[in-house]
Amino acid sequence: MFEFAILLIFPAMMAFAAASDLFTMTISNRVSLILVAGFLVLAFLTGMSWPAIGMHLAAGFLVLSICFVCFALGWMGGGDAKLAASTALWLGWSQLLDYAVYASLFGGLLTIGLLVLRGAPLHPPFLLREGWYARMTDAKTGIPYGIALAAAGLMLYPQSFWMTAALR
């Protein structure tokens, strides 16, 4: 039964966070809370060792600390900071650098794509009536970085501890 949870919780929350950030420019606190709770429950159910749990927690706290500073400086949103930290909790130290690299690459591509979109002279009128599209084309709107964070997490998840645990 826990195999189903491993295959569902993290990917579903990443997809939900990305979609939520795209359509509303917010990521609910519930997403991060579900990720943290899911990690703790599944860590115990899979028999993850106490030192390993501690290392995953340390990775999450490190990312939360860094992202909190970025949030305080106005460089990123609070939902993005919490999503990055809860993703780091699931991935742990072994994938933390890869996560940062992928999130940066996907974030850069997303930013370039939105800048191109925002600089386009014409937009389909039927899309401009959609609130989410109007926000995406508005130069004053930020970047929904949760999309990049979720994509990076989903890119690495198949090589994570969790897939090994689910396939045992």
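## Glutamate 3

Glutamate 3 counts as partly exposed because its relative accessibility is 26% (the partly exposed class lies between buried, under 20% relative accessible area, and exposed, over 50%, with a 1.4 Å probe and protein chains only). This is a predicted model, where local features need pLDDT of at least 70 and side-chain atom pairs count only at pLDDT 80 or more, while totals for chains, interfaces and linings use all residues. Residues are numbered from 1 along each chain as its sequence is written, and side-chain values use heavy atoms, with hydrogens and water left out.

Glutamate 3 sits in helix H1, residues 2–24 (helices are DSSP runs of H or I with at least four residues, numbered from the N terminus). Tryptophan 162 is 159 residues away from glutamate 3 in sequence, yet their C-alpha atoms are 8.9 Å apart in space.

## The nonpolar patch

Val36, Leu40, Phe44, Trp50, Leu57, Phe61 and Leu64 make up a nonpolar surface patch, with about 680 Å² of accessible area together (patch residues have over 30% relative accessible area and no salt bridge, and nonpolar side chains are joined within 5 Å; areas are Shrake-Rupley with a 1.4 Å probe; a salt bridge puts a Lys or Arg side-chain nitrogen within 4 Å of an Asp or Glu carboxyl oxygen). Helix H2 (29–45) and helix H3 (50–72) each give two or more residues to it, and H3 gives the most, with 4.

Leucine 40 belongs to helix H2. At 32% relative accessible area, leucine 40 is partly exposed.

## Serine 160

Serine 160 lies in the loop between helix H8 (146–156) and helix H9 (161–166). Serine 160 is buried, since its relative accessible area is 3%. Leaving aside residues up to four places away in sequence, serine 160 touches Leu91 and Gln95 (contact means heavy atoms within 4.5 Å).

How values were computed:
Patches are made of residues with over 30% relative accessible area and no salt bridge: like charges are joined within 9 Å, nonpolar side chains (Val, Leu, Ile, Met, Phe, Trp, Tyr) within 5 Å.
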